[in-house]
Amino acid sequence: MGRMQRAKGARGELEACKAWEACTGFPAVRTAPLQAAGGTAAAPDIKVHPVGLSVEVKRYRSIALHSWVRKAEQGHGKHTRTVLLSREDGGDWIMSHHLSDVPIVARLLAYNDPTGVLEQRSLAALYKRLRIS
């Protein structure tokens, strides 16, 4: 990977940390400096709270997922949050939504929880159980 690509990746990770902190109120730290200081290369791109979440950062000029979300958002009212479920053939389902919608989606899941799952487990455990990223 070239120097410019590494710099763009580092900028993306820093932007993601700031966005995570602004959205959730929880801290986020790039792990690349920790890896360079003797950590493991298998660490996620950023370390976040709550514990139990692994965050990888992907920053590209254009990502098809973003156009799918924009298309799904068309025609919805401003009080509706869009969640995109996608799956490759033979793969697991993945849930995607705007980072700024995390608190709202979490509250909606908790409020509309007929099974009591969220009362018994943390949201991180629920996401892990459902394999949602």
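**View 1. Arg30, a buried residue of strand β1**. In this predicted model, Arg30 has 18% relative accessibility and so counts as buried. The cut-off for buried is under 20%. Arg30 belongs to strand β1, which covers residues 28–30.

**View 2. The surroundings of Arg30**. The side chains of Arg30 and Glu13 are joined by a polar contact of 2.7 Å. Beyond its neighbours within four places in sequence, Arg30 touches Ala10, Glu13, Leu14, Cys17, Asp45 and Ile46.

**View 3. The largest nonpolar core**. This core has 8 residues. They are Ala16, Cys17, Trp20, Ala28, Ile46, Val48, Val55 and Val57. Helix α1 (3–24) and strand β2 (46–48) are the elements that give two or more residues to it. The most come from α1, with 3 residues.

**View 4. Ile46 and its contacts**. Ile46 is one of the residues of the largest nonpolar core. Neighbours within four places in sequence are left aside here. Ile46 is then in contact with Glu13, Ala16, Cys17, Val29, Arg30, Thr31, Val55 and Val57. Among these partners, Ala16, Cys17, Val55 and Val57 belong to the core as well.

**View 5. A nonpolar patch on the surface**. Val83, Leu85 and Trp93 form this patch. Together they have about 310 Å² of accessible area. Leu85 lies in strand β3, residues 84–86. Its relative accessibility is 53%, so Leu85 counts as exposed. The cut-off for exposed is over 50%.

Note on methods. Residues are numbered from 1 along each chain as its sequence is written. This is a predicted model: local features need pLDDT of at least 70, side-chain atom pairs count only at pLDDT 80 or more; totals for chains, interfaces and linings use all residues. Side-chain values use heavy atoms; hydrogens and water are left out. Patches are made of residues with over 30% relative accessible area and no salt bridge: like charges are joined within 9 Å, nonpolar side chains (Val, Leu, Ile, Met, Phe, Trp, Tyr) within 5 Å. Accessible areas come from the Shrake-Rupley method with a 1.4 Å probe; for residues, only the protein chains shown count as cover. A salt bridge is a side-chain nitrogen of Lys or Arg within 4 Å of a carboxyl oxygen of Asp or Glu. Helices (H or I, at least four residues) and strands (E, at least two) are DSSP runs, numbered from the N terminus. Buried means under 20% relative accessible area, exposed over 50%, partly exposed in between (1.4 Å probe, protein chains only). A polar contact is a pair of N or O atoms within 3.5 Å; within protein, one must be able to donate a hydrogen and the other to accept it, and residues adjacent in sequence count only if both atoms are side-chain atoms. Contact means heavy atoms within 4.5 Å. A nonpolar core is a set of buried Ala, Val, Leu, Ile, Met, Phe, Trp, Tyr and Cys residues joined through side-chain atoms within 4.5 Å.
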